[in-house]
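Visitor: Hi, I'm new to this one. Can you walk me through it?

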Amino acid sequence: MFTDSELQRYDYTGGEPLPRDEALNEALYADGIYYGATSSFGGAIAMTEDEEGRLYYCTQKGIFSHEMGGSIVEEVADGTLCTLNDPNMMFQSLTVIDQCFYLVCADSEGPKMMKYEYDEAVPSVPQKELNVYSLRENDSIRQMAVLFQKQYPDTYVNYQVGMSGEGGMTAADALRTLNTDILTGNGPDVLFLDEMSVKTYAEKGLLSDLTGIAEEVKSQEGLLDHIACTYKNEDGLPAIVTRFGAMIVAGDPELLKRTDGFSSLEELAEEGYLEPFDVAYLAELLYPACAGNWKNEDNTIRQEKLSEYVNSIKEISDTYCGHASEKVLQELSAYKEGIYANWDALIAAGSRGDDMAYGILSLVSDPGHVKIGTIYGMTEYSGLVSANKVTGRCSEKLLSMQQSGVFIPSSIVSVMNTAKEQERAFDFVKYLLSSGSQKQGWGLPVNQKAFEELAYTDPYGENGGFSVCSGNEETGEYIELTYSWPTKEESDAFYEMVKQLSNCAETEQVQYEVVIEQVRRCLSGEITADEAVNTIMQKINLYLAE
């Protein structure tokens with residue numbers, strides 16, 4: 001039995017506790033991972049015994065062998081060199097027959113059985129090592145690394161993460177370490193620039209030109225190049241956006257007609273048409289739709305635009321609170337305090353606080369309001385379509401604030417000029433942009449073939465889609481929504497929205513952290529809006545000077 005700190009053992013017939021197997025317990029819990037057997041919660045794990053009673057178990061780390069009561073846990077297969085390391089695989093059952101391991105698992109494509117066996121023709125240690133870096137853990141990158149490694153068995157993909165979530169490391173700390181490694185010749189081969197400044201690394205001449213790869217993909221399978229090639233400059237293409245999300249506002253069609261800019265949101269706040277979650281995290285939600293409009297040519301901040309953003313967030317929040325009922329204020333407070341949901345915790349866990357999927361049920365229970373968020377996949381769009389089929393009052397349009405037609409880039413990939421395995425790094429970028437790769441993982445694809453296949457192929461079939469539900473213990477209300485796939489006309493409408501995306505969101509993490517920290521202090525009454533703006537300007541200018 002798995003707990004959060006140990007593996008407990010019991011006699012199968014009598015139920016009495018058995019002594020803890022120290023070696024097994026230490027091997028399982030050394031890294032502080034919580035395991036959830038046959039569950040989507042916790043680290044994936046499956047266990048079995050062979051005919052001689054020897055225990056075998058597999059995790060993302062690999063397949064391991066242990067004689068119960070013994071002092072050694074042996075590694076049978078290294079998970080980092082095979083598909084066991086795929087974060088989207090949920091282990092369900094394991095068995096071993098004649099030293100061949102059979103693992104029943106499930107992923108986005110459904111249940112499957114994987115066979116793992118020793119192959120003397122495959123080198124135990126790959127001949128090449130491709131070093132891949134991202135500032136924050138990204139399951140899509142890890143999954144693509146696993147699948148690329150399967151296609152290129154002579155290459156070990158060493159995925160490194162700057163911010164592990166331990167030790168209180170900030171984005172600025174992680175970037176200093178990365179930059180030092182680059183300067184000393186120990187930088188990565190492939191650099192994912194999510195939450196980093198593409199412009200800074202490009203201007204330093206550190207990034208290879210990826211124009212040829214983009215043109216090759218476009219000629220073979222098509223490319224949404226208005227998104228993928230957003231970082232193109234006079235010197236070429238230093239980085240490619242491989243996935244993205246579309247910033248939208250959804251809800252009552254009549255209310256959507258009025259939604260355009262800060263003043264319209266203040267009107268909706270006064271009339272109670274915004275969600276408590278959206279008001280609690282309004283600064284975080286609207287930042288991507290505004291921050292890209294703050295920079296001068298020399299990369300400094302336009303204070304008047306920043307001031308408009310900070311003051312508007314404050315005014316909308318104050319207006320909402322001044323007209324809300326006591327019940328709504330309690331709900332708003334619960335969001336702010338992280339009781340119902342915590343933005344920072346969602347981000348740290350690899351989720352997106354502004355993911356539209358979080359609010360679809362609320363558009364069913366209360367169709368007379370609007371919801372701000374981002375669509376990162378066709379499943380979310382199918383949820384909005386399904387909500388409209390139930391209420392007849394759910395529509396969507398691109399969000400327009402200080403910028404309009406904003407998309408949030410994801411998995412922004414570049415190849416370092418200093419890459420030790422530059423040829424293989426280019427192969428990795430090509431693989432990330434291929435239709436086969438793009439149809440997997442998180443985020444809308446920039447490969448045109450993959451996008452169209454996902455948009456117009458119904459994965460639900462004749463039996464319909466899955467259902468999501470929510471209940472309220474106080475009122476006894478119960479809401480259920482069955483997802484149905486968009487019709488061709490509905491998919492056409494979404495595709496047209498995607499074609500209108502024209503502005504890449506500003507996602508640099510250091511600036512984001514500075515801005516959100518001061519806006520939160522402003523909203524809590526600790527400082528005024530003008531004081532928040534002045535502090536932000538000082539801190540960002542100091543960071544730019546460094």
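Visitor: How many helices and strands does the protein chain have?

Guide: This is a predicted model. The protein chain has 21 helices and 20 strands.

Visitor: And what is its radius of gyration?

Guide: The radius of gyration of the protein chain is 25 Å. The globule rule gives 24 Å for 546 residues, so the chain is as compact as a globular protein of that length.

Visitor: What box do the C-alpha atoms fill?

Guide: Roughly 70 × 60 × 50 Å, taken along the principal axes.

Visitor: What share of the residues counts as buried?

Guide: Of the 546 residues, 50% count as buried. The accessible surface of the chain comes to about 25600 Å². Carbon and sulfur atoms account for 47% of that surface.

Visitor: What about contacts along the chain? Which percentage joins residues at least 24 apart?

Guide: 68%, among contacts between residues at least 6 apart in sequence.

Visitor: Let's switch to sheets. What is the strand order in the open sheet of three strands?

Guide: The order is S7-S8-S9, and the pairing is antiparallel.

Visitor: Which strands stand at the edges?

Guide: Strand S7 (90-97) and strand S9 (110-116). Each has a single partner strand, so one side of each is left without a neighbour in the sheet.

Visitor: By how many degrees are neighbouring strands of this sheet turned against each other?

Guide: By 20 degrees on average, with direction ignored.

Visitor: What holds strands of a sheet together in general?

Guide: They pair through backbone hydrogen bonds, either parallel or antiparallel.

Visitor: Back to this sheet. How many bridges join S8 to S9?

Guide: Seven bridges. Strand S8 covers residues 100-107, and the two strands run antiparallel.

Visitor: Give me one pair. Which residue in S9 is the bridge partner of Cys105?

Guide: That is Lys112.

Visitor: Now the loop between S7 and S8. Where is Asp98, and is it buried or exposed?

Guide: Asp98 sits in that loop. Asp98 counts as exposed, because its relative accessibility is 67%.

Visitor: What is the phi of Asp98?

Guide: About 50 degrees. That is a positive phi, although Asp98 is not a glycine.

Visitor: And what is the phi of Gln99?

Guide: Near 65 degrees, a positive value in a residue other than glycine. Gln99 also lies in the loop between S7 and S8.

Visitor: Changing topic. Where is Ser264 found?

Guide: In helix H8. At 5% relative accessibility, Ser264 counts as buried, because the cut-off is under 20%.

Visitor: What does the side chain of Ser264 reach?

Guide: The backbone nitrogen of Asp260, at 2.7 Å. Leaving out residues up to four places away in sequence, Ser264 touches Arg258 and Thr259.

Visitor: How many Å separate the C-alpha atoms of Ser264 and Asn503?

Guide: They are separated by 21 Å. Along the chain, these two residues are 239 residues apart.

Visitor: One more residue. Where is the place of Glu275?

Guide: Glu275 is in the loop between helix H8 (262-270) and helix H9 (276-280).

Visitor: Is Glu275 buried or exposed?

Guide: Buried, because its relative accessibility is 11%.

Visitor: Which residues does Glu275 touch, not counting those up to four places away in sequence?

Guide: Glu275 touches Tyr320, Gly359, Ser362, His369, Val370 and Lys371.

Visitor: Great, thanks.

How values were computed:
Residues numbered from 1 in each chain as written. Predicted model: local features only at pLDDT ≥ 70, side-chain atom pairs only at ≥ 80, totals over all residues. Heavy atoms only, no water. Helix = DSSP H or I, 4+ residues; strand = E, 2+ residues; numbered from the N terminus. Buried < 20%, exposed > 50% of the residue type's maximum accessible area, 1.4 Å probe, protein only. Contact = heavy atoms within 4.5 Å. Polar contact = N/O pair within 3.5 Å; in protein donor to acceptor, adjacent residues only side chain to side chain. Pairing = 2+ DSSP bridges. Axes fitted to C-alpha atoms, helices over the stretch in contact; angles between N-to-C directions. Rg over C-alpha atoms; globule rule 2.2 N^0.38 Å. Areas by Shrake-Rupley, 256 points an atom, 1.4 Å probe, with all protein chains shown as cover.
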